[in-house]
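Open the model in your viewer and keep the selection panel at hand. The tour below goes from one selection to the next.

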Amino acid sequence: MEIKKGTGVSPGVVIGTAIVLDAEDLVIPKRHVPTDQIPAEIARFQDAVAVSRKELTTLRAETLAKYGKEIAGIVDFHLSVLKDKSLLKQVDKEIETVETTAEYAVSSVMRRYAQQFSQMTDRYFSERVKDVHDIEKRVLKTLIGQKHQDLTHLTSDVVVIAHDLLPSQTAALDRTHVKGFATDVGGRTSHTAIVARAMGIPAVVGLGDLVGHVSGGDTVIIDGERGVVIVNPDADQLAEYREGQADFARHEIELRELIDLPAETLDGHAVSLQANIEGTTDIDTALYNGAQGIGLYRTEFLYLKMGTEPSEEDHFQAYAEAINAIEGRPLVIRTLDLGADKYTQAQLASPERNPFLGDRSIRMCLHDIPMFKRQLRAIMRASVLGDVRIMFPMISTIMELRQAKMILKDVTEELEDEGVPFRQDISIGMMIEVPSVALMADQCAKEVNFFSIGTNDLIQYTLAVDRTNEKVAGLFCPAHPAVLRLIRDVIRAGARNSISVSVCGEMAGEKLYTLLLLGLGLNIFSMNGPDIPEVKKIIRSTTMEHAKQVARRVMSFDSERQVMHFLREETRKIVPEAF
Ligand code: PEP
Ligand code: MG
């Protein structure tokens, strides 16, 4: 039995069977192989290629049946590489001449091969680098004897233990069988945390070296509230946590009674509680929890799920499906926010040194206008199907915002020329997630119809804390007075300029901050679906006067510790079971 402590990022307790995903990069040492063992090494390599080809052939058939020819084409590329005779010969030769292991030879030959792709100017080919890395990993895993864990085909309930979970892995996840996550790395707003909260399953991140201490099939307890993971628990621990599970379930049942009630304070002030989604599959959970709309549709997951750039039609279908599912409620579609944590830097031809400060999000779109336009066209075409709004992420200068709006205008003119209908008065919003625009909120407010404060990035950029780095997770804090001042001022600027303001970062769904955000005058809270009932309970248990008093007091503090302590006490007064 081993107890590990990390950061609890999604509440609840699960006791489950582990599947373990290993670290992304396998370290392959160069080992000398005596001459007489070289034929055996070559045979091992050839066997591994045969096994990998067989896996890929099965995967191809399944992909073709499920997603069609275009996606199956990706698997075709992997297969063709493993059938490339000259490439396979190079590996045989490397084993012979360098007198090394099959693993080392595969790794060096495939990395050279990937380099050739990365030097190609055509984007299609340069982006095949990531496929070559994937193929390399598949063969290596067969050689090393690790089973390639396939998260898309789970047959029984599991808890996923990983070094890190890539957005592309969680996008492909068979969500019905995954009951919990625990990862070595990550912080409160890293992708794993957001997905776990959206799925309503417990998760703990930043556990250091958990992967090294768990084997597939071990029983694991994940306590998402306390941030604890227990590997192979004893009978007493199992009994204790089963009790905890039962308490949590009872609490959930109590909250369910609030689902159809309005998010209104005791003195009649109503706010809107909306949900964040990564795709249509999250909408059921959102509506089940009483979401009044979708305040943030993270459309980059379309790209991550497909592994290729979606066509205009792919975008359109996804938006039309979402609009249909939410039955007239508002839908805020955020344009592509790829880059940084939502793109594996290792997959890029030339990884960025500081990806969070690099070519991400709106910057990436403004560097690839044809791609940006494809998405904008699809959003505008879908805009006539429901209450669609459009939002630009990661704006850091007013010129960027104007440029994005200009491209949107080009798109609408094109649609007009083609006689394609679209919503003329579509609401255009921007995310406030970089301090530069939070400080210029008054000027920005004149250019858009709404603001949405992305606290995950706003905190990261204000406090200089990487939101995904567990080593500095303790410094990532929404309660920092500097962050709170920015939020207060953006809400005020919105009110002064008569535009609506929402918060769509994780802070909006954290019960500790509900009273404060309400008291600061926030009208729209957008969060992961499962967080809605608890936030609603707090709102329904207070008055606007109390919330404003709380906000005033909080704004007089100079440390996050004071802020958190006070908020916990005030929330406990109205909802004792909250903490
Ligand atoms: C944010 O930064 O707060 C946000 C909502 O965007 P994302 O988490 O997708 O970066
Ligand atoms: Mg963001």
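This is a predicted model: local features need pLDDT of at least 70, side-chain atom pairs count only at pLDDT 80 or more; totals for chains, interfaces and linings use all residues.

Now show the secondary structure around ligand 1. Two elements, β10 (294-298) and α18, each give two or more residues to the shell. Helix α18 has the largest share, 3 residues.

Next, select the residues surrounding ligand 1, of which there are 15. The closest are Arg298, Arg334, Lys342, Asn456 and Arg467. For arginine 298, display the side chain: one of its N or O atoms is 2.8 Å from an oxygen atom of ligand 1.

Which residues coordinate the magnesium ion (ligand 2)? Select the ion to find Glu433 (OE) and Asp457 (OD), at 2.0 to 2.2 Å. Glutamate 433 is in the loop between β13 (427-432) and α16 (435-439), and aspartate 457 is in helix α18 (residues 455-463), so the pair ties together parts that are 24 residues apart in sequence.

Finally, colour these two residues by accessibility. Are they buried or exposed? Glutamate 433 has 2% relative accessibility and counts as buried because the cut-off is under 20%. Aspartate 457 is also buried, with a relative accessible area of 2%.

Notes. Residues are numbered from 1 along each chain as its sequence is written. Chains are lettered from A and ligands numbered from 1 in the order in which they are written. Side-chain values use heavy atoms; hydrogens and water are left out. Donors are N, O and S atoms within 2.8 Å of the metal (3.2 Å for Na, K and Ca); water is not among the atoms, so sites may look incomplete. Helices (H or I, at least four residues) and strands (E, at least two) are DSSP runs, numbered from the N terminus. Buried means under 20% relative accessible area, exposed over 50%, partly exposed in between (1.4 Å probe, protein chains only). A residue is near a molecule or strand if one of its heavy atoms lies within 4 Å of it. A polar contact is a pair of N or O atoms within 3.5 Å; within protein, one must be able to donate a hydrogen and the other to accept it, and residues adjacent in sequence count only if both atoms are side-chain atoms.
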